[in-house]
Amino acid sequence: KYPQDTVRLALGLAYGGHGFGLDEVAVMVGVSAPTISNWKRRYVEGGHMDIPEIDPDEIKHLSPDGRARMTGEELEEYIHKLELKAAVLEGTVKVLKAEGIDDLSNDEKAAIVDALPAGFTVTEALPEVGLSSSSYYYCKAKPERPDRYGRARAAIREEFALVGGKRGYRYIRQRLREREDPIVVSGKTVRRLMAEEGCRVSYAKKRRSYSSYAGEISAAPDNLVARDFHAEAPNEKWLTDITQFSIPAGKVYLSPVIDCFDGMPVAWSIGESPNAELANSMLEEACGQLSDGEHPVCHSDRGCHYRWPGWIGICAERGIVRSMSRKGCSPDNSACEGFFGRLKNEFFYDRDWGGVTTEDFIGQLEQYMRYYRDERIKESLGWMSPMQYRKSLGLAA
């Protein structure tokens, strides 16, 4: 991958008695120390007994004292080389956020050379990126050939538009493979093509203004979940919380129960007020789906809804085991927070809700919750929705 001049300079500096340590040389030439050691091994195995000699004038600029003795012309050349290296690194970031030039393909290296600012020639830039002139001009001629991913690009744009630009490359890759005329490409390729086609998922960050915490109004149970959001079967662990949607017409609140087994929203209630009825009615509906002998742990934050007598009474009557996060510690209920994040990114954010009444909004949110439960496929469930997954296991009719 590296020009012979780089190999010669590295071996000469590291093993030629010039007083540089291996790590120092690695920094100087821009490669790792193990790579230089490997070069030496292969150099010796190839029958070369003498380490390449390095002209002292070639390395005098590598130390501070040496740079001080450089002539004006030598210093200008040295600065020019440093500027070239910096430009190459900036180009690397522009083309692909990789750890270094070695991680890039020849096409990407050629793109870096083309992206360099005026003042640097192609001839001097090619050794810096580790690309031969023949490979460079071969890559330059590629755009004249048909795009091998033309059909995939069109399909990606179509699938991305169908979900409103709210699903990432893993979902798009799966949808391509499920098409009538399947398109099988790697996830890395799909991610690159999505970036090139401008198919970027926007993740808006909203400050959480609503809080149900009303102080220590009753004794809080222990945190029985302890951030272990895995369950071996349905109705072992439930998570719940209340989230707020603020639209021009007013505020709407959603209270769901999420099953840790497969992420299914078991039950939910939607209303214009975050009152006890919102939480209690949702819990009653969820409990109505339990079979005899099922007594799930229901985990929540320390909101007042889960500490009022109504909620506590339902839990006691139905055999629900209460569990609560620590005060002000949202990671203790992060799986439920993650559900809200996905819901809002896909359904709520980046949409104009002007002119939509709260009644209409509630209807659309209700429709999305049913879609999430019955149709929204997930990679972790073998690209099935929670309901499809349960049916495949014989757990739902």
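## Basis of the description

Residues are numbered from 1 along each chain as its sequence is written, and side-chain values use heavy atoms, with hydrogens and water left out. Because the model is predicted, local features need pLDDT of at least 70 and side-chain atom pairs count only at pLDDT 80 or more, while totals for chains, interfaces and linings use all residues. Helices (DSSP runs of H or I, at least four residues) and strands (DSSP runs of E, at least two) are numbered from the N terminus.

## Nonpolar cores

A nonpolar core is a set of buried Ala, Val, Leu, Ile, Met, Phe, Trp, Tyr and Cys residues joined through side-chain atoms within 4.5 Å. Buried denotes under 20% relative accessible area, exposed over 50%, and partly exposed the range in between (1.4 Å probe, protein chains only). The largest such core has 28 residues, and those with the most contacts inside it are Phe 245, Leu 254, Leu 343, Phe 347, Phe 348, Phe 361 and Leu 365. At least two residues of this core come from each of strand 2 (243-247), strand 3 (250-259), strand 4 (265-271), helix 15 (334-348) and helix 16 (358-374). Helix 15 gives the most, with six residues.

Apart from neighbours within four places in sequence, Phe 347 is in contact (heavy atoms within 4.5 Å) with Trp 353, Phe 361, Gln 364, Leu 365 and Tyr 368. A second, separate core of 20 residues includes Ala 286, Leu 290, Trp 311 and Cys 315.

## Aromatic pairs and charges over rings

Rings of Phe, Tyr and Trp (its six-membered ring) pair if their centres lie within 6.5 Å; planes under 30 degrees apart count as stacked, over 60 as edge-to-face and the rest as tilted. By this rule there are 17 aromatic pairs. The rings of Tyr 136 and Tyr 137 have centres 4.9 Å apart and planes at 75°, so this pair is edge-to-face. Tyr 136 is buried at 4% relative accessibility, whereas Tyr 137 is exposed at 52%.

Phe 245 and Phe 348 also form an edge-to-face pair, 5.2 Å centre to centre with 80° between the planes. This pair links distant parts of the chain, since Phe 245 lies in strand 2 and Phe 348 in helix 15, 103 residues apart. Phe 245 is buried with a relative accessible area of 0%, and Phe 348 is buried with 11%. Both belong to a cluster linked by ring pairs, which also includes Phe 347, Trp 353 and Phe 361. The charged end of Lys 344 sits over the ring of Phe 245, 5.1 Å from its centre; the criterion is NZ of Lys or CZ of Arg within 6 Å of the ring centre and within 35 degrees of the ring normal. Elsewhere, Arg 191 lies over the face of Tyr 169, 5.1 Å from the ring centre.

## Helix 14

In helix 14 (residues 309-318), the buried residues are Trp 311, Ile 314 and Cys 315. Seen down the axis, they fall within an arc of 95° (taken from the directions from the helix axis to the C-beta atoms), so they line one face of the helix. The face turned away from this buried side carries the exposed residues Pro 309, Ala 316 and Glu 317.

The buried residues of helix 14 pack against strand 1 (237-240), helix 13 (276-287), strand 5 (297-300) and strand 6 (321-324). Just after helix 14, Gly 319 takes a positive phi of about 75°.

## Helix 12

Gly 187, Thr 189, Val 190, Leu 193 and Met 194 are buried in helix 12 (residues 187-196). Their arc around the axis is only 155°, which puts them on the same side of helix 12. These buried residues pack against helix 10 (150-162) and helix 11 (169-177). Just after helix 12, Gly 198 has a positive phi of about 75°.
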